[in-house]
Amino acid sequence: MDVVIVGAGIVGLAVAREMLRRWPRLQLAVIEKEDRIAAHQSGHNSGVIHSGIYYAPGSLKARLCVAGSRALVRYCDEHGIPYDLSGKVIVATDESELPRLEELHRRGIANGVEGLEMIGPERLREIEPHATGIRALYSPRTGIVDYVAVAQSYALDVTSAGGEILTGRAVTSIVRSNDRVILLTTRGGIEARFLITCAGLYSDRIAAMTGAPAEPRIVPFRGDYFVLRPERVDLVRSMIYPVPDPSFPFLGVHFTRRIEGGVWLGPNAVLAFAREGYQRLTFDLGDLLDALGYSGFQALAAKYWRTGLEEMYRDFSKSAFLASLQRYVPELTEADLLPGPSGVRAQALSPDGKLVDDFVIHGDANVLHVRNAPSPAATSSLAIAEYIADRAAEAFHLNEEQPRLYAGADVPADAGSQPDA
Ligand SMILES: Cc1cc2nc3c(=O)[nH]c(=O)nc-3n(C[C@H](O)[C@H](O)[C@H](O)COP(=O)(O)OP(=O)(O)OC[C@H]3O[C@@H](n4cnc5c(N)ncnc54)[C@H](O)[C@@H]3O)c2cc1C
């Protein structure tokens, strides 16, 4: 292979698609451990097309979210994928939140988000008749989409362009030899000239297999949703968000109308006891010890243990979850909340306990790693793919007229013991 991509989530598939668009003669494969694409974060999220309000101006998140959301809407138009730019409100319920709301407004303008408007309670009621607040930031171009449908469409683009998507094949180790990379998988080895890793919840472990630093490590944060009882979906027209706590990269529990119908309430953010732990009590001793023994996690826990405990309490207490939602929609009752799905966020944490805010992408002459691609990476996927293809062009010395680079075939499963085979 010329290029192997690890991970058939929305980012890996977008990257594969973009690589083949730019260099159609590349021999390219995407390797995925699950038996289907978009099985983890890309298939367990809020389905929001973020407009780019929250992110520090100049950051990768800011640039790639704004460019990515526009590109995504164009892509959905071209491919007949349903979406709705139904807009959202970020609502302040007391005076203490106003400076942070103003700051979000400034950030959004600096990031080039279109149509932002500060509104008062009356206009809020026009947009969301059941919401209350003293002021709100209205973003008319925030939207909703089904990211599994988007990922499926990217996958079709990849295979139509001659790329392979090999599912049911987990990468177990990686050997680097001269200018080649040999991936050992649960179904034999694959040799490639270049490797791009987009492994989500395992991005740190896959990067470490190539000799890259294990830090920043991924700490999994589960988010649980409730679903609004169908008879009560009229309580929410589109999306209602709180003003987020600036110390955390999570947006706070919100109300989101789904493109397929219905309204989701959440997600919260609690430490998951397993990297792919979708249930409250799913437990993986290795993952848990890995998190608890990490200096970054210990530093984070020492600083935010109270918030962490409050989040865990809210996770087990429906009435506490309800209370945080009633701040925005007071008519909501406990009977309106039905159990919903969960997702697990791959959040990078630095050794000194900082939740890494921006996207992190790094590598060397043969390998590029996506180390941190939490929200809004689904929104940004097409722009992230362009960014990575630019980096690959430079690092891998690919050019416009790139011929097929590598004529090798799959190598046997025991290739690790014969790296030069
Ligand atoms: C609860 C929640 C809500 C969110 N809401 C939004 C939102 O509204 N809008 C938005 O833009 N973003 C949102 N996000 C973020 C978004 O879902 C992610 O940023 C995005 O899906 C990341 O895509 P990815 O391809 O990097 O990761 P993933 O989708 O997790 O894909 C990584 C893939 O790598 C595979 N893999 C891992 N290890 C191996 C291995 N050893 N061998 C082979 N394959 C491997 C995995 O099986 C997986 O399929 C949300 C995320 C969560 C969890």
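In which loop does Ala38 lie? Ala38 belongs to the loop that runs between β2 (28-31) and β3 (48-49). The structure discussed here is a predicted model.

**Backbone geometry**

Phi of Ala38 is near 55°, which is a positive value in a residue other than glycine. Most residues other than glycine have a negative phi, and most peptide bonds are trans. The bond from Gly266 to Pro267 is cis, with omega near 0°, and Pro267 is placed in the loop between β17 (263-266) and β18 (270-271). Ser375 and Pro376 are likewise joined by a cis peptide bond, for which omega is about 10°. The loop that holds Pro376 lies between β21 (367-372) and α10 (381-395).

How many residues surround the ligand? The shell comprises 37 residues, and the closest are Glu32, Ser42, Val171, Ala373 and Thr379. By class, the shell around the ligand divides into 19 nonpolar, 13 polar and five charged residues. Helix α1 (10-22) and strand β19 (337-349) each supply at least two residues of this shell.

| Residue | Protein atom | Ligand atom | Distance |
|---|---|---|---|
| Asn45 | polar side-chain atom | oxygen | 3.1 Å |
| Val171 | polar backbone atom | nitrogen | 2.9 Å |
| Ala373 | backbone N or O atom | oxygen | 2.7 Å |

Taken alone, the ligand exposes 1000 Å², and the protein buries 97% of that area. Val171 and Ala373, listed in the table with backbone contacts, are also among the closest residues of the shell.

**Helix packing**

Two packed helices are described by the angle between their axes and the distance between the axes. Two pairs of helices are described here in these terms.

Helix α8 (residues 295-316) packs against helix α9 (residues 318-326) at an angle of about 105°, with the axes 5 Å apart. Angles of 65 to 115 degrees count as roughly perpendicular, and therefore α8 is roughly perpendicular to α9. On the α8 side, the contact is made by Tyr313, Arg314 and Phe316, while α9 contributes Lys318, Ala320, Phe321 and Ser324. The residues of this contact comprise four nonpolar, one polar and two charged.

At what angle do the axes of helix α2 and helix α5 cross? The axes of α2 (residues 60-79) and α5 (residues 147-160) cross at roughly 70° and come within 12 Å. This angle makes α2 roughly perpendicular to α5. From α2, the residues Leu72, Tyr75, Cys76 and His79 meet Tyr147, Val150, Ser153, Tyr154 and Asp157 in α5. The contact of α2 with α5 has six nonpolar, two polar and one charged residues.

Notes: Residues numbered from 1 in each chain as written. Predicted model: local features only at pLDDT ≥ 70, side-chain atom pairs only at ≥ 80, totals over all residues. Heavy atoms only, no water. Axes fitted to C-alpha atoms, helices over the stretch in contact; angles between N-to-C directions. Helix = DSSP H or I, 4+ residues; strand = E, 2+ residues; numbered from the N terminus. Parallel < 35°, antiparallel > 145°, perpendicular 65-115°, else oblique. Contact = heavy atoms within 4.5 Å. Nonpolar A, V, L, I, M, F, W, Y, C, P; charged D, E, K, R; others polar. Near = heavy atom within 4 Å. Polar contact = N/O pair within 3.5 Å; in protein donor to acceptor, adjacent residues only side chain to side chain. Areas by Shrake-Rupley, 256 points an atom, 1.4 Å probe, with all protein chains shown as cover.
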